[in-house]
Amino acid sequence: MITVRKSADRGHADYGWLFARHSFSFANYYDPRNMGYRALRVINEDLVQPGKGFGTHAHDNMEIITYVLEGALEHKDSMGNTGVIRPGEVQYMSAGSGVRHSEFNHSKTEPVHLLQIWLLPNQEDVKPHYAESKLPDEERRGQLKLVAAGEPNGSGAFQIHQDVKLFASLLPKGKSVEHPMAAERGAYLQLARGSVTVNGQTLEAGDGAIVEKESKITITGTSDREAEFLLFDLN
């Protein structure tokens, strides 16, 4: 069973410096039918104007993953971490017992386009943690690249505090990837660019899809522009 969440049906906010699309209820956007999916609480697609960003603010007990599509995002936090991530890079922050951080567009001339993801943790008040990782195109193209998992994986993926596997992929037109699904688990696919079919159903850029009660997921690129997506396998 596949339930498609069309891009145009997402919540949105326009603050001038920030244009955001919300897959699930967030900030001033509230939809009791879309409060998250399993442990997946937030997927925000943000476009931040040059030199602008999110000032210092606090989080606790949330697993936060930021995936940059275009531009450069600058990070600072109360643990002393600083960094700039660009397309092909991803950052992970376990807010745990509490952390303060800021995220700004590193460029004074170009916008930054990103996906911000929040996952509910299965352990509370852990020691906060920050990490960055590279996602080379050749490791995502035509395959599912493991980005994060709740168990040791030996692949360089982030080990996070939740029973989830997060994959990233780039799919040229006509290329397919498959992912087996355990009966009790569910999946969420967020398409960032291009178009794909998911077990025969079409998704366009910005669409999401819940997948349940399927033995496997087959995703095929269908657009001339290479498709880019994230796939969550959730308990």
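Lysine 173 is exposed, with a relative accessible area of 52% (exposed means over 50%, buried under 20%, partly exposed in between, with a 1.4 Å probe and protein chains only). This is a predicted model, in which local features need pLDDT of at least 70, side-chain atom pairs count only at pLDDT 80 or more, and totals for chains, interfaces and linings use all residues. Residues are numbered from 1 along each chain as its sequence is written, and side-chain values use heavy atoms, without hydrogens and water.

Lysine 173 forms a salt bridge with aspartate 224, the closest N and O atoms being 3.3 Å apart (a salt bridge is a side-chain nitrogen of Lys or Arg within 4 Å of a carboxyl oxygen of Asp or Glu). Aspartate 224 lies in the loop between β21 and β22, and lysine 173 in the loop between β15 and β16, 51 residues apart. Aspartate 224 counts as exposed, at 73% relative accessibility.

## Other salt bridges

The structure holds 16 salt bridges. In one of them, glutamate 89 and lysine 134 have their closest N and O atoms 2.8 Å apart. Glutamate 89 is in strand β9 and lysine 134 in strand β12, so the pair ties together parts 45 residues apart in sequence (strands are DSSP runs of E, at least two residues; helices are runs of H or I, at least four). Glutamate 89 is buried at 17%, whereas lysine 134 is exposed at 56%.

Arginine 140 and glutamate 228 meet in a salt bridge at 3.2 Å, N to O. Both arginine 140 and glutamate 228 are buried.
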